[in-house]
Amino acid sequence: MEVSARVHALAAAIELAIFDVDGVLTDGGLVLGPNGQEFKTFHVRDGLGLVMLRENGVLLAIITGRESSVVTERMAQLGIEHVFQGQSNKLQTLETLLGDLNIDPSRVCYVGDDLPDLPVMMQVGLPIAVADAH
């Protein structure tokens, strides 16, 4: 697949990449243990990609509607500081984050997979939906 020069230019300007979790950094499945423990499957290649982005000067953030200690642990392993869980209004979280970091939305990439991600995707410079997005 060939990527247009416009997409390359948008990607080159990104200062902040934000990701949803379930269905974006995981396969979307939830495994619940007998004591209510939650298990998620993260792909190691996604983790490497996130680390590479961070090491190349791109700030990283997570905005997810669910709360999970598994997400807290995985994001800590990857060195992601800006982790917002349990966010029913992802757009409000985006606006707060952009204000705190003093970043223009045109310099933000957001990767999502479902309807709650759309308001954020419509406000950023580079919205991305995963291949099996709703």
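The lining of the largest pocket is made up of 13 nonpolar, one polar and one charged residues. Here Ala, Val, Leu, Ile, Met, Phe, Trp, Tyr, Cys and Pro count as nonpolar, Asp, Glu, Lys and Arg as charged, and the others, Gly among them, as polar. Please keep in mind that this is a predicted model, in which local features need pLDDT of at least 70 and side-chain atom pairs count only at pLDDT 80 or more, while totals for chains, interfaces and linings use all residues. Residues are numbered from 1 along each chain as its sequence is written, and side-chain values use heavy atoms, with hydrogens and water left out.

Of the 15 residues that line the largest pocket, Phe 19, Leu 53, Cys 109, Val 111 and Ile 128 lie nearest its centre. Strand S1 (16-19), H2, strand S6 (108-112) and strand S7 (126-129) each give two or more residues to this lining, and H2 provides the largest share, four residues. Helices (H or I, at least four residues) and strands (E, at least two) are DSSP runs, numbered from the N terminus.

On a 1 Å grid over the protein atoms alone, a cavity is a set of points where a 1.4 Å probe fits but cannot get out, and a pocket is an open set with protein on both sides within 12 Å along at least five of seven lines; lining residues have an atom within 4 Å of a point. A volume is the space filled by probe spheres set on the points, which are joined across faces, edges and corners.

| Space | Volume | Lining by class |
|---|---|---|
| Largest pocket | about 320 Å³ | 13 nonpolar, one polar, one charged |
| Largest cavity | about 40 Å³ | five nonpolar, two polar, two charged |

Helix H2 (44-55) and helix H3 (69-78) each supply at least two residues of the cavity lining, which includes Phe 42, Asp 46 and Arg 74.

Leu 16 has a relative accessible area of 0%, so it is buried (under 20%; exposed is over 50%, partly exposed in between, with a 1.4 Å probe and protein chains only). Beyond its neighbours within four places in sequence, Leu 16 is in contact (heavy atoms within 4.5 Å) with residues including Val 58, Leu 98 and Cys 109.

Finally, the whole protein chain has five helices and seven strands, and buried residues make up 37% of its 134 residues.
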